[in-house]
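User: Hi! I'd like to learn how to read pockets, sheets and contacts in a protein model. Could you walk me through one?

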Amino acid sequence: MKNLVILGGGYGGMKILSELLPNHLPEDVTIYLVDRVPYHCLKTEYYALAAGTISDKEVRVAFPEHPRLVVKYGEVTGIDTIGRKINMADAEPLAYDDLIIGLGCEDKYHGVPGAEQFTYSIQSIEKARRTYSVLNNLGPGSVVGIVGAGLSGVELASELSESREDLNIKLFDRGKHILSAFPERLSKYVENWFVRNNVEIINNSNITKVEENRIYNHDEPIDCDVIVWTAGIQANKIARDMDGEKDRSGRLIVTKHHHLPSDEHIFIVGDCASSPHAPSAQLAEGQAEQISEVLKKRWNGEPVPESFPPIKLKGVLGSLGKKQGFGMMADRAITGRVARMLKSGILWMYKFHNG
């Protein structure tokens, strides 16, 4: 038997399973899926879990079942590429013939002293649960500082402002407008929403230090009861520690077939893979489709396609609470209820298809 090992049951890992199961897995191949939790997590919804507007169960989707799919719960501690083994905490090493690394990302603190120690996160379900606990135990009038006004920071700030109108929310952003990757018109729409909903935006910020319950913006102290960090990501440490060329976010450089240049049996998917696109669930699924095609061709003894067409992303959608939203679809900015309904519909379809 051959072992296909998938590290991480995120969007990329789930897409590979859906592409290979139940009808495209050879009789001599077993899939091992390794994850820290016994279900797929909807990471795009962690902001709502942290804000307390959805339950923990709503961000969980069961892994598929198949006679030759083995789900192993545990912590990966390292990858032995010479011995072709996955080292795990409190478990025997797991051998692989083909390996897919989709371990996701971690917060990037940009060398800011105290940021990792004194801030909360929504980068994993465990961290989002802790953030939920501390945010929803705050007393009225408490101050919440959110560092980073990209998609995650904006969605968390808006959801929290609807969930806890009694809180004072401060959103720190390095640019002159939040959502700097979006057109300025869309950024201003979101900023106006925050003004109407009493979220304070602190533009042109430069966080120089974080202490317990205190953040320093341009070295000026600002007291906060809770600080949440959403100001950047980097590849999972397992990927960052691997040999091989990486980009500045620690993501591994891969070939056009999504494997390491030095090893055609190690594929990288999602936030661990370097790409001209920003990390997203859509991108991970697109990569996973192409990786699945490579595996199926190899297993059938057929030539692998010389190249794949560029992965086309349909757009980006974000929430502003439960009734409003924003996004880009086919290079067109959309705002308001339509954007929010689109995002809700896509989420429902994903859960329906995978549930």
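Predicted model: local features only at pLDDT ≥ 70, side-chain atom pairs only at ≥ 80, totals over all residues.

User: Which residues lie nearest the centre of the second largest pocket?

Analyst: Residues are numbered from 1 along each chain as its sequence is written, and side-chain values use heavy atoms, with hydrogens and water left out. Now the general idea: rolling a probe the size of a water molecule over the atoms shows where empty space is left. On a 1 Å grid over the protein atoms alone, a pocket is an open set of points with protein on both sides within 12 Å along at least five of seven lines, a cavity is a set where a 1.4 Å probe fits but cannot get out, and lining residues have an atom within 4 Å of a point. Here, H258, S275, P276, Q290 and I311 lie nearest the centre, out of 16 lining residues. The space in this second largest pocket is about 250 Å³, a volume being the space filled by probe spheres set on points joined across faces, edges and corners.

User: How does the lining of that pocket divide by class?

Analyst: There are 8 nonpolar, 7 polar and 1 charged residues. Ala, Val, Leu, Ile, Met, Phe, Trp, Tyr, Cys and Pro count as nonpolar, Asp, Glu, Lys and Arg as charged, and the others, Gly among them, as polar.

User: And which residues line the largest cavity?

Analyst: K2, N3, L4, V29, D97, D98 and W299 do. Strand β1 gives the largest share, 3 residues.

User: In what order do the strands of the 6-stranded sheet come?

Analyst: In general, strands of a sheet pair through backbone hydrogen bonds, either parallel or antiparallel. Helices (H or I, at least four residues) and strands (E, at least two) are DSSP runs numbered from the N terminus, and two strands pair if DSSP finds at least two bridges between them. This open sheet runs β5-β2-β1-β9-β20-β19 with mixed pairing.

User: Which strands does helix α8 touch?

Analyst: Helix α8 (residues 281-299) packs on that sheet against β1, β2, β9, β19 and β20, with its direction at about 150° to that of β20. Contact means heavy atoms within 4.5 Å; axes are lines fitted to C-alpha atoms, for helices over the stretch in contact, and angles run from 0 to 180 degrees between N-to-C directions. Helix α1 (residues 11-20) lies across β1, β2, β5 and β9, at about 145° to β1.

User: Where is D56 found, and what does its side chain join?

Analyst: D56 is in the loop between α2 (46-51) and β4 (60-61). A polar contact is a pair of N or O atoms within 3.5 Å; within protein, one must be able to donate a hydrogen and the other to accept it, and residues adjacent in sequence count only if both atoms are side-chain atoms. The side chains of D56 and R129 make one at 2.5 Å. Setting aside neighbours within four places in sequence, D56 contacts L49, I125 and R129.
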